[in-house]
Amino acid sequence: MTTARTYTAPTPPLPSYEGRVVALDAVLAARDARVARQQAMLAQGGVLLSLTLVAPGAVKRSPLLDAIFAAALAALRPLVDDARARIEAVDDSGHHALYLLDGEARDWKTRMLALENRAPLSRLWDIDIIGGDGVAVSRRDLGLPPRRCLICDDDAKTCARERRHSINALQADITHRYRLHQQAQAIAETMRQALITEATLTPKAGLVDAAHNGGHTDMNLALFLKSADAIAPYLGDCAAAGMTFAASPASPAILAAIRPIGIAAEAAMRAATGGVNTHKGAIFAFGLTAAALGKRLAAQGTTTLAEIQDDIRAISAGLLAELQQPGEDSAGKRGYARHGIRGARGEAASGYTTVTRHALPAYRQALAADGNTRRALLAALVALYAANDDSTTLARVGLDGLRAHQHWARQLLADRATLADETRLADAIAAYARDCAARRLSAGGSADLLALTVWCGQHFTPNPGTPL
């Protein structure tokens, strides 16, 4: 494993915390007005969701608090699409939103508690669920401990009552949480760009590119671009979820936390593509990577590729056992049962060593030779074809077809003259791509790993003097 420079997340400007100081009587009057609105909405029947922000101090509205409220509304909107009535309001006395919903109050409370625990930023969203009887469902009603303090993790009400933490300390914590939110969004954007780079790379064998659809009759480049846009926000959510584990060792608990996000990402992908599975494997690989990266950034501010790999291995510790469990019928499980090929789960359990041992070295070596990014990516792709026991290829053309595919790639890797010339390399891949299309060979697993290679290649480079 190569030693790599540390990853440091982009740091866009922070919105200001400055705003108008609001007198206590104005804050209390705003609270009374909010209660009156709640009562009027509850009179219509149903369950009421009330959103406010944790905003200690005399400034109740600022560009930073506005941004935090906007993030809360964006997170809530898919969940409250069917609200029978809604109010989303901002003034100098603070932020609040009210939604009148159908359903059971306890069910809504459970869903909102999960939302509040999903990311460092969502801890700043104070979401109450009020039943038709006008009584709010409490954490205690669900057998849960009181809401925790932002800073010391003690009972939040006790800390507030005893004023254990200064306003400056609390506001600094809020600012830090928004910085982590920015970092998670930045991770999502860089991963989206990596997916687009992989999709548009041309030529590719057994894959959709800008020139042809490979062995696929239901896919084209436009669908892949739509899909990348659709799933990117969920990769940011995976990073944010990983951030909530900053104080804990990496473990399968992180996988349990991000799996619902992955399911939602897959639904968004299929909605964008008309039901076509463009990026299911990429959601898995990038979701794990985003969660591991988010955890490290929240814990220590920077990280290395080796650390991310270690965390992915720990997060994925139970994945190989899933290959032997009954239930789901997938190409990956069939490949393991018949041929011992571990597929996407095996890649994750290894920490994506096919990327770091084969694709990244090929990419870096080619890039170091002439700075030609396209040739470097094509070389990385061929290295993946040669090394990856791609369960998608196995499902399409069988074990003999997979081994023949790998043999072709190994022969090309051995042809140094072709590998060193962009035109000759592209022509060789294009010719082979026509053969793959005729046989309907797909290399979808290698596409996912290539996208991950693109992302790693952009964010991690070896230290001078270390071997590839």
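**Exercise 1.** Is arginine 163 buried or exposed?

Solution. The model is predicted: local features need pLDDT of at least 70, side-chain atom pairs count only at pLDDT 80 or more, and totals for chains, interfaces and linings use all residues. Residues are numbered from 1 along each chain as its sequence is written, and side-chain values use heavy atoms, with hydrogens and water left out.

Step 1. Take the cut-offs: buried means under 20% relative accessible area, exposed over 50%, and partly exposed lies in between (1.4 Å probe, protein chains only).

Step 2. Arginine 163 has a relative accessible area of 75%, so this residue is exposed.

Step 3. Arginine 163 sits in the loop between α4 and α5. Its phi is near 50°, a positive value in a residue other than glycine.

Step 4. Aspartate 153 also has a positive phi, near 70°, and is not a glycine. Aspartate 153 belongs to the loop between β5 (125-130) and α4 (156-162).

**Exercise 2.** Describe the overall fold and dimensions of the protein.

Solution. Step 1. Count the elements: the protein has 18 helices and six strands. Helices (H or I, at least four residues) and strands (E, at least two) are DSSP runs, numbered from the N terminus.

Step 1. Compare the radius of gyration with the globule rule, which is 2.2 Å times the number of residues to the power 0.38, the radius being taken over C-alpha atoms. For 468 residues a compact globule would have a value near 23 Å; the protein has 25 Å, which agrees.

Step 2. Along the principal axes, the C-alpha atoms fill a box of roughly 80 × 50 × 35 Å.

Step 3. Of the 468 residues, 52% count as buried. The accessible surface is about 20,300 Å², and 52% of that surface belongs to carbon and sulfur atoms. These areas come from the Shrake-Rupley method with a 1.4 Å probe; for residues, only the protein chains shown count as cover.

Step 4. A contact means heavy atoms within 4.5 Å. Among contacts between residues at least 6 apart in sequence, 72% join residues at least 24 apart.

**Exercise 3.** Which residues does leucine 378 touch, not counting residues up to four places away in sequence?

Solution. Step 1. Locate the residue: leucine 378 is in helix α14 (residues 373-387). At 0% relative accessibility, leucine 378 is buried.

Step 1. With those sequence neighbours left out, leucine 378 touches Leu201, Pro203, Leu425, Ala426 and Ile429.

Step 2. Follow proline 203, which lies in the loop between α5 (167-200) and α6 (221-243). The peptide bond from threonine 202 to proline 203 is cis, with omega near 0°.

Step 3. Follow alanine 426, which lies in helix α17 (residues 422-439) and is buried at 8% relative accessible area. Beyond four places in sequence, alanine 426 touches Pro203, Arg374 and Leu378.

Step 4. Check two C-alpha separations. Leucine 378 and alanine 359, 19 residues apart in sequence, are 9.9 Å apart in space. Alanine 426 and leucine 360, 66 residues apart along the chain, are separated by 19 Å.

**Exercise 4.** How many disulfides does the structure hold?

Solution. Step 1. Apply the criterion: a disulfide is a pair of cysteine sulfur atoms within 2.5 Å.

Step 1. The structure holds zero disulfides. Cysteine 456 is in none, and the nearest cysteine sulfur, that of cysteine 238, is 16 Å away.
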